[in-house]
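Look at the sequence and the model below.

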Amino acid sequence: MTRYLLIESRDPFDSNDVRFCCDLAQQLAAVKNEVTLFLVKNGVLPARSGARSDDLTRLAGAGVRVLADSFSLRERGIDERRLATGVAAAPLDVVMDALAEGAKVIWH
Amino acid sequence: MADKKTITIAIMDAPYENARSTTALRLIDLAARRGYNINVFAYEGAVLQPFSGQTPHPNAVHGRNVEEENHFIPKDAIAALMREAERNGGKIDWVNCGLCVDERGAGAAIAGVRRGSPADLWQMAEASDNTLVIATR
């Protein structure tokens with residue numbers, strides 16, 4: 001099993017290719033990899049419940065750990081207690097931990 | 001330190017243009033606090049991040065002087081990160097792509113920044129525990 005951390009920094013309301021990252025995460029998880037999708041910057045916008053969050057909830061249901069950068073959430077006034085189902089807030093340390101532990105880390 | 005790591009981060013964004021730069025500096029800060037060795041390969045506009053000619057300015061529109069404006073200066077943040085890394089037993093090796101520097105006239109950089117080429121990124125990655133490329137879109 002390989003460990004992947006995919007970092008999504010793009011806003012799905014602005015970029016049509018955000019779905020690429022979700023698709024990749026789902027495909028990697030489907031073949032038994034350990035996959036985390038980490039949302040950062042405007043990438044956290046769909047973490048709000050109802051704001052195009054269905055893809056994230058579906059992803060979490062498929063075995064992908066979906067996290068949203070706490071700092072990016074605070075910057076945008078998004079309440080950590082009102083995130084979509086399957087999405088949790090987490091510090092940026094998650095990325096540094098993954099790098100230090102040798103995970104494959106991909107920025108999008 | 002038994003768990004001392006070496007992490008390479010490649011960045012491309014010029015200062016003041018995208019939050020990717022902020023996130024890159026946040027990641028470097030985390031690594032510095034952990035005492036890791038951090039390699040930074042800056043190319044394209046990112047070679048201007050440690051440009052020593054950056055100057056804080058007042059904001060006449062809002063009626064604030066230099067001190068009140070307290071403008072964020074990337075070169076100062078990078079110098080502070082270098083000090084933070086050293087304080088924790090690590091080091092930041094910051095390489096600016098030479099061609100990118102020449103194109104932009106960005107040869108003046110703060111102490112601790114050296115000139116290199118994309119070959120340095122490959123060598124850094126080879127010598128690191130892991131590498132993150134923060135690409136522009």
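Which residue of chain B forms a salt bridge with Asp69(A)? Arg26(B) does, and the closest N and O atoms are 2.9 Å apart. A salt bridge is a side-chain nitrogen of Lys or Arg within 4 Å of a carboxyl oxygen of Asp or Glu. Between chain B and chain A the count is three salt bridges.

This is a predicted model, in which local features need pLDDT of at least 70 and side-chain atom pairs count only at pLDDT 80 or more, while totals for chains, interfaces and linings use all residues; side-chain values use heavy atoms, without hydrogens and water. Residues are numbered from 1 along each chain as its sequence is written, and chains are lettered from A and ligands numbered from 1 in the order in which they are written.

At the interface, 20 residues of chain B are in contact (heavy atoms within 4.5 Å) with 21 residues of chain A. The area buried between the two chains is about 1800 Å², with 61% given by carbon and sulfur atoms; buried area is the accessible area (1.4 Å probe) that two parts lose on being put together, summed over both.

Now turn to the interior. A nonpolar core is a set of buried (under 20% relative accessible area, 1.4 Å probe, protein chains only) Ala, Val, Leu, Ile, Met, Phe, Trp, Tyr and Cys residues joined through side-chain atoms within 4.5 Å. The largest has 41 residues, and Phe38(A) and Trp94(B) are among those with the most contacts inside it. Apart from this core lies another, of 23 residues, including Cys21(A) and Leu37(A). Trp94(B) is in contact with residues including Ile11(B), Ile28(B) and Met82(B), leaving aside neighbours within four places in sequence.

Terms used: Buried means under 20% relative accessible area, exposed over 50%, partly exposed in between (1.4 Å probe, protein chains only).
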